[in-house]
Amino acid sequence: MSFLEIKNITKRFGQQTVLSNINMNIEQGELVCILGPSGCGKTTLLRIIAGLETADSGQIFIDSRDSTFLPSSKRNFGIVFQSYALFPNMTVMENILFGLKQKKEMTSAERKKKALDMLNLVDLCEHQNKYPRQLSGGQQQRTAIARAIALSPSYLLLDEPLSALDAKVRAKLRTEIRALQRKIGITTIMVTHDQEEALTMADRIIVMNNAVIEQIANPHTIYNYPASRFVADFIGTMNFYNEGEAMRGIRPEKIKVVEHWEPHDIKALVKELEFKGAFTRIHSHIPKENSEFFIDLPSERVENMKLQRDTMLFLQIPEEHAVRYSV
Amino acid sequence: MAIIYSIKRNFVRFNTAQFCVLLFILAIFTISFVFPLGTLFSKAFTGENGAFAGFANYKSYFGNPSLSVSVWNTIDISLVTTIFSTAFGFLYAYAITRTKILGKSFFKYVALVPIFIPTVVHALGLVYIFGRQGVITRLGFDIELYGRNGIIISEIIYTFPQAFLLFLVALEYVDGRLYEACEVMGVKPLRQFLHVTLPEMKYTVVNTIFVCFTLAFTDFGAPKVIGGNYNVLATDIYKQIAGQFNMNMGAVVGTLLLIPAIISFITGRFVSNKNTSTLNSKTIPLTISKNPVRDATFFLFCGFIATFFILLIISLFIGAFTTYYPYDLNLTLKHFIFNQSKGGIGCFFNSVLMSVASAVLGSIFVFVYSYMMEKAEGFGILTKYGKLLSLLPLAVPGMVIGVSFIFFFNSESNPLHFIYGTIIILVLSNIIHYFSVPYLTATGALKKLDREFEMVAESMNIPCWQTFFRVSVPLSTHAIAEIAMYFFVNSMVTVSAIVFLYSANFKIAAIAITHMEEAGDISQAAAMSLLILLVNVAVRMLYHIIKEKS
Ligand SMILES: Nc1ncnc2c1ncn2[C@@H]1O[C@H](COP(=O)(O)OP(=O)(O)OP(=O)(O)O)[C@@H](O)[C@H]1O
Ligand SMILES: [Mg+2]
């Protein structure tokens, strides 16, 4: 049995089905990302797991015990919301102590020490007497995490913890959160709509769309063998083409560009060059398929090849990287 | 299976403490609002013997021309008042938001002065200016103050600040980009006014018309003091109840008083400022163009209104501090030694006591009420009932609250009879009478608080009352201060509900002023009015200090 098991959860708001028959298992110590576009029901699922919302049907097992109707306070979750929800009228320290005050078995000195330990863990000791509005976005984020883990929960639930931050800070915090999670070994469920975030941080990714789960797998599998067109499109870019009856997909960076034409090679015309730094994305037109292909090549190579509009390219698609879809 | 599941799932999020609080506040509200109103209606449809009488009371009311003439009188003065107040309020607010006149904040504060004094005092000021010995009258212009004219001017003074405030909010919140777009397209100012400004104001104009009409329709103070023989509904109801003890006829008039407010309530005009919802972070403030002719015109207009208001206040000062206006203008303080027969200085302290109690208890009640409506989940029908009730007091004028309180609490069989004639019933009537505006303030403030605060607290196992006291209350100090001020100021100046409910041994200042005026002690009345003005302005300033700090 898994650490946390979710069975057939369904949730409707009025006419709208927000979650439809959701099933998943989460193992101890892993970091799972729930990834999906805005409005697909991620937050709702997280809140149902936390017991802050009730499902219309379905069950939740925590540690193999049916916990569907366990109140939120008994589930032992730490949760960090999209908005962080730091209490603006309390300092960083007070925010953390506010929750710890519920631990009646601790003395006030112990609480204080625990809070300081937490602040150390997220590297915020020197900011302990500041109010949330005096902190940067990243610091607020870390305060919210410290507050959530101060009560030593068995699970950490993160709702888009990084979405309010700018790109640089986001990249830095990704690594920090991941390191922290490994260090204290806490089972974590993180909701995000940022594919890069999910790919870099997660042990496993659960891709959701329109109230249903599309695929559950590790980042490699998700990227290399996306189970559906939606997943393929949502995570990275995928070129689709037909091979006989079957629909197939190939990632732009997996396409090989060769100098000399051989039989079976595909002819493509360059339409647009999109410089992206280290590599350049070539928008090309395939006359035979009458479709568009994206091809990623190292920028250096593009320069050496002196590519221009309407230059003819010869493409090879390595069989092992092509993904097959049932139509 | 499915049923058990759904019962369990409702149970798991059920919070007993919240449920008890919710029941408690709804019970208070029901007992002090729904039941009394119910009694009023039942009285209107029963005869003196207590038997059901259908529309018989209404028939005899409208069959008696000396009674029913009040209906037309009231409509008449309300209509005229509404036209003037709406027009003046709009122009005044327009001057402050859309022109470059000097002294804007001065004009803004002066316009609010009438809010801080009872309506009987507006009438009193008019007596000093236009009365038999009034300044203007002695210059040879007799406007025949006592009667229709006096009531109308008085009601304009009373309703003008409300109209002004409604327009001020609407005009302040406008998107400057609309006007920039007009400039770029070369649209002339008049066309800008007709095609941008007015359409944006449509909602507020209708709103203001309803508000002014209802206020003028139900006001008691002014007609009482300078109405002369011009009868209106508010004075009629008082005569029926307090003079002739004809409770059923009083109830009939009470239901008539409800009509305009109910109409505006049903058409949804009472909840103000819907048009602010078009605001977003991209809205940019308006840049006001130069136009000396416009500015001069508006300055004259605002100057006229402001001078008039200041004159009212000055006349109170002169009346209060001179020996015997206009015959002996020597300065004196003797009018501040109030006749014991009219209640003495004690009524002033009674008023302050009652207003403080209304402010404190009212703020607590309103805030807890809104909190339960906004943040407590899973009480379905109870929450719906509470929300439905919350705005109804807007439609019930003070006179009607007063009368229904008598009917309900004065009945010997009511176990709550003991609060009759005490300060408790006065405070209760104030809280109910002025409930809805503070409720909207509190709800607005609570809506701004992140819902996730409660969820985080819940996930940390923090009891909801702790979240309430440690988070929601501290983060709403500003709104709570505003609510307390609103209750205080209104309780200081109100006469309407109180006039039926005070007892001889707990008289309050606004009532004392009415009696002093009737007895001809107008200097003492002026002195008492100044005391009320003073406290109210002080409280308003205190509120400003709190607001600046938070
Ligand atoms: N309390 C509610 N009442 C009605 N509808 C709701 C409620 N909460 C959420 N919804 C709807 O349910 C759907 C899913 O909402 P949810 O917040 O779970 O989305 P999400 O995947 O977290 O989106 P985002 O990435 O934008 O946060 C949305 O369409 C939303 O409008
Ligand atoms: Mg969300």
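In this predicted model, A:Lys256 stands opposite A:Gln316, a residue of strand S17 of chain A. The two strands concerned, S13(A) and S17(A), run antiparallel and are joined by three bridges, with S17(A) spanning residues 312-316. This pairing belongs to an open sheet of five strands in chain A, arranged in the order S13-S17-S14-S15-S16 with antiparallel pairing. Strand S13 (256-258) and strand S16 (291-298) of chain A stand at the edges of this sheet, and because each has a single partner strand, one side of each is left without a neighbour in the sheet. From one strand to the next, the twist averages 50°. As background, strands of a sheet pair through backbone hydrogen bonds, either parallel or antiparallel.

Turning to the ligand, 13 residues surround ligand 1, and the closest are A:Gln16, A:Ser38, A:Gly39, A:Thr43 and A:Thr44.

| Residue | Polar atom of the residue | Distance to an oxygen atom of ligand 1 |
|---|---|---|
| A:Ser38 | side chain | 2.5 Å |
| A:Cys40 | backbone | 3.2 Å |

On its own, ligand 1 has 630 Å² of accessible area, of which the protein covers 62%. Strand S2 (16-26) and helix H1 (42-50) of chain A are the elements that give two or more residues to the shell around ligand 1, and the largest share of that shell, three residues, comes from H1(A).

In chain B, B:Ser496 is found in the loop between helix H22 (477-493) and helix H23 (498-501). Is B:Ser496 buried or exposed? Its relative accessible area is 13%, and because this lies under the 20% cut-off, B:Ser496 counts as buried. When residues up to four places away in sequence are not counted, B:Ser496 touches B:Gly398, B:Met399 and B:His433.

Technical notes
Residues are numbered from 1 along each chain as its sequence is written. Chains are lettered from A and ligands numbered from 1 in the order in which they are written. This is a predicted model: local features need pLDDT of at least 70, side-chain atom pairs count only at pLDDT 80 or more; totals for chains, interfaces and linings use all residues. Side-chain values use heavy atoms; hydrogens and water are left out. Helices (H or I, at least four residues) and strands (E, at least two) are DSSP runs, numbered from the N terminus. Buried means under 20% relative accessible area, exposed over 50%, partly exposed in between (1.4 Å probe, protein chains only). Contact means heavy atoms within 4.5 Å. Two strands pair if DSSP finds at least two bridges between them. Axes are lines fitted to C-alpha atoms, for helices over the stretch in contact, and angles run from 0 to 180 degrees between N-to-C directions. A residue is near a molecule or strand if one of its heavy atoms lies within 4 Å of it. A polar contact is a pair of N or O atoms within 3.5 Å; within protein, one must be able to donate a hydrogen and the other to accept it, and residues adjacent in sequence count only if both atoms are side-chain atoms. Accessible areas come from the Shrake-Rupley method with a 1.4 Å probe; for residues, only the protein chains shown count as cover.
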